[in-house]
Amino acid sequence: MKKLFFILCATLGLASCNQKVAPPQTVTVKDQFTMEMPSTLAVMTDLYPNADIQYGNTYKQVYIIAKESPKTTEEDFKAFTQKALAAYASRPDYEIVKEDEVRINGLPGKIYKLSMSQEGNFMYMIQVLIEGKKGNYEIIGWTIGQNKDYQGDELINIISTFKEL
């Protein structure tokens with residue numbers, strides 16, 4: 001009986017290790033930038049107006065968008081950053097939890113970890129602003145507050161794959 005139980009456990013253990021996970025997909029936007037999207041996220045179309053990349057998983061309640069803004073003589077990176085942050089400042093319970101300088105694949109930027117409420121739900125958001133050579137880039141990832149630790153790490157991993165072409 002013990003041998004049968006051991007064989008059953010070993011078989012189940014090996015079978016569970018044989019699950020295939022699709023590799024991340026490289027998404028290229030207008031020869032401007034690329035990002036690696038995990039297979040757990042699907043293309044979405046209505047997350048953010050004019051976003052170049054929109055992916056999400058409604059089951060896990062995790063979403064990410066990215067957009068490029070052409071550099072202009074009227075708007076430097078500081079003004080770009082202030083404008084991007086102002087988009088959420090009026091939300092209920094808005095708070096910048098953490099702000100840091102960041103370098104993503106050699107490009108300087110700022111990372112903001114934010115908390116806020118939307119439709120009565122607590123949200124956790126990571127907003128990254130990157131000063132590229134060709135343009136300025138905004139990447140926003142968000143999830144519900146209770147998933148912030150696990151999904152926050154996943155969002156950081158996705159954001160770190162950004163590359164300007």
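This is a predicted model: local features need pLDDT of at least 70, side-chain atom pairs count only at pLDDT 80 or more; totals for chains, interfaces and linings use all residues.

Q: What makes strand 3 and strand 6 edge strands?
A: Seven strands form an open sheet in the order 3-4-5-9-8-7-6, with antiparallel pairing. Strand 3 (42-43) and strand 6 (95-104) each pair on one side only. In general, the strands of a sheet pair through backbone hydrogen bonds, either parallel or antiparallel.

Q: Which strands does helix 2 touch?
A: Helix 2 (residues 77-86) packs on the sheet and touches strand 5, strand 7 (107-118), strand 8 (121-131) and strand 9 (135-144). Contact means heavy atoms within 4.5 Å. The direction of helix 2 makes about 165° with that of strand 8, whereas helix 3 (residues 148-159) runs at about 20° to strand 8. Such angles run from 0 to 180 degrees between N-to-C directions, the axes being lines fitted to C-alpha atoms, for helices over the stretch in contact.

Q: How many helices and strands does the protein chain have?
A: The protein chain has three helices and ten strands. Both are DSSP runs numbered from the N terminus: helices (H or I) have at least four residues and strands (E) at least two.

Q: Why is Thr143 called buried?
A: Buried means under 20% relative accessible area, exposed over 50%, and partly exposed in between (1.4 Å probe, protein chains only). Thr143 has 2% relative accessibility, and therefore counts as buried. Thr143 lies in strand 9, and its contacts beyond four places in sequence include Lys60, Val62 and Met123.

Q: What makes the approach of Gln61 to Thr143 a polar contact?
A: A polar contact is a pair of N or O atoms within 3.5 Å; within protein, one must be able to donate a hydrogen and the other to accept it, and residues adjacent in sequence count only if both atoms are side-chain atoms. The backbone oxygen of Gln61 lies 2.7 Å from a polar atom of the Thr143 side chain.

Q: Why does Gly109 count as buried?
A: Its relative accessible area is 3%, so Gly109 is buried. Gly109 lies in strand 7 and is in contact with Phe77, among others.

Q: Why is the pair of Phe77 and Phe80 called tilted?
A: Rings of Phe, Tyr and Trp (its six-membered ring) pair if their centres lie within 6.5 Å; planes under 30 degrees apart count as stacked, over 60 as edge-to-face and the rest as tilted. The centres of Phe77 and Phe80 are 6.0 Å apart with 35° between the planes, so the rings pair and are tilted. Phe77 and Phe80 are both buried. Because they are three residues apart in helix 2, about one helical turn separates them.

Notes
Residues are numbered from 1 along each chain as its sequence is written. Side-chain values use heavy atoms; hydrogens and water are left out. Two strands pair if DSSP finds at least two bridges between them.
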